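These are my notebook entries on one structure. I set out to look up its charged pairs, its sheet and its aromatic rings.

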Amino acid sequence: MTAAQAHFERILDIGLRNVWHPVLPSWRVHDAPVGITRLGENIVVWRDKDGTVRALEDRCPHRGARLSMGWNLGDRVACWYHGVEVDGRGAVVNVPAVDNCPMERECKVRAYPVQESNGAIFLYFGDALHPEPPKLELPEQLTDEARWGHMLCTSFWKVNYRYAIDNVMDPMHGAYLHAVSHSMAFGDKQAEMRARKTPTGFIFEKVGQQGVNFDWVEWGATGNYWMRLSIPYRKQYGPGGPFFIVGHATPVDAHNTLVFFWRCRQAQGWQRDVWKFFYKNRLEGLHWDVLEQDRIVLENMAPDARSHEFLYQHDTGMTRVRRILEQEARAQAEALAASEEPQAA
């Protein structure tokens, strides 16, 4: 296996680089350091004395102990094992057991660019060739606070992230898997599908049916990979108009995924308050039931299911995203392999 092929398989399996990924809901990070695994990397996340989120490789440069097991000292974390202190840039700033330790001048661990947005913490996972992050741009449902209200939910699925993306890019499963849900119990169980380009990706939609079921889904790439869709909303549950979902599938490792779903609705003032009240008191459980249906099906797919598929026209949106991810992973892998050749020589 060539170096490029090895890079390609690993990147595709545990997540593409050079984009932002949501890694945690904001409420998970308080004073104590939090240890997580995302894209196969061990990371420690904490808030400094100003409340700003910091993220480092979860490894003390002294002996490799997990920094997430230590203490938050405000602008730095201290390792539980020997007290070595590492700041938010990844630099060792104090080794309390030794005076004038050379580690303070030379040792450093990886620091991740962080942005906190819409109740989630995003990290930039750049490779060696792309250390600087692009601008994090999200759909209008998460940026136009005057018009849109939203709430975030997350769920841990024991599947590779690509299965989670496949699931969202498949609108037709709503009429079957979710046929007894309050929002997807209507519409035809047969449809012609089409794809159309957008400035940031494409929309995959049913022809001749909109606003009845899960009738369309959008794939977008704007410094992060997101999916957007809408489903109908019964009028008795607050203000009218469709119910939007903006989703991300963040790889944990090759076998696990953390999914992020923002529930969005175009409402202002008291109507937004009414919607959030109804959602929390009447609808959240129903929507969790829908997520659980997705999770159960995906976690129980046949072994190596993708190698034994027989796809048809309804799967075009899903296969298009697969090609996009594979092409980007291959480009990243080939660039990395080419950069390593002079060093090997």
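Entry 1: I looked up arginine 110 and found it partly exposed, at 29% relative accessibility (buried means under 20% relative accessible area, exposed over 50%, partly exposed in between, with a 1.4 Å probe and protein chains only). I note that this is a predicted model, in which local features need pLDDT of at least 70 and side-chain atom pairs count only at pLDDT 80 or more, while totals for chains, interfaces and linings use all residues. Residues are numbered from 1 along each chain as its sequence is written, and side-chain values use heavy atoms, with hydrogens and water left out.

Which side chain does arginine 110 meet in a salt bridge? I found that the partner is glutamate 41, at 3.1 Å from N to O. I took a salt bridge to be a side-chain nitrogen of Lys or Arg within 4 Å of a carboxyl oxygen of Asp or Glu. The two residues are 69 apart, arginine 110 being in the loop between helix H2 (103-106) and strand S9 (114-117) and glutamate 41 in strand S3. Helices (H or I, at least four residues) and strands (E, at least two) are DSSP runs, numbered from the N terminus.

**Entry 2: Other salt bridges.** I noted a second salt bridge of glutamate 41, to arginine 17, with the closest N and O atoms 2.7 Å apart.

I then looked up glutamate 292, whose side chain meets that of arginine 295 in a salt bridge of 2.7 Å, N to O. Both residues are in helix H5 (residues 269-299), and because they are three residues apart, about one helical turn separates them. Glutamate 292 is partly exposed, at 28% relative accessible area. A network of salt bridges links Asp166, Arg306, Glu309 and Arg322. For the structure I recorded 22 salt bridges.

**Entry 3: Tyrosine 163.** I located tyrosine 163 in helix H4 (residues 161-168). At 17% relative accessibility, tyrosine 163 is buried. Leaving aside residues up to four places away in sequence, tyrosine 163 touches Leu298, Met301, Asp304, Ala305 and Arg306 (contact means heavy atoms within 4.5 Å).

**Entry 4: The seven-stranded sheet.** I traced an open sheet of seven strands in the order S11-S17-S16-S15-S14-S13-S12, paired antiparallel. Two strands pair if DSSP finds at least two bridges between them. Strand S11 (148-157) and strand S12 (193-198) are at the edges with a single partner strand each, so one side of each has no neighbour in the sheet. From one strand to the next, the twist averages 20°.

I also checked strand S15 (residues 225-231), which five bridges join to the antiparallel strand S16 (residues 243-253). Helix H5 lies across S11, S16 and strand S17 (256-266), and runs at about 30° to S11. Axes are lines fitted to C-alpha atoms, for helices over the stretch in contact, and angles run from 0 to 180 degrees between N-to-C directions.

**Entry 5: Aromatic rings.** My search of the whole structure gave 12 aromatic pairs. Rings of Phe, Tyr and Trp (its six-membered ring) pair if their centres lie within 6.5 Å; planes under 30 degrees apart count as stacked, over 60 as edge-to-face and the rest as tilted. Phenylalanine 122 and tryptophan 262 are stacked, because their ring centres are 6.3 Å apart and their planes at 10°. Phenylalanine 122 is in strand S10 (residues 120-125) and tryptophan 262 in strand S17, so the pair ties together parts 140 residues apart in sequence. I found phenylalanine 122 buried at 0% relative accessibility, and tryptophan 262 buried at 0%.

Tryptophan 216 is in strand S14 (residues 216-221) and phenylalanine 244 in strand S16, 28 residues apart. Tryptophan 216 is buried, at 12% relative accessibility, and phenylalanine 244 is buried, at 13% relative accessible area.
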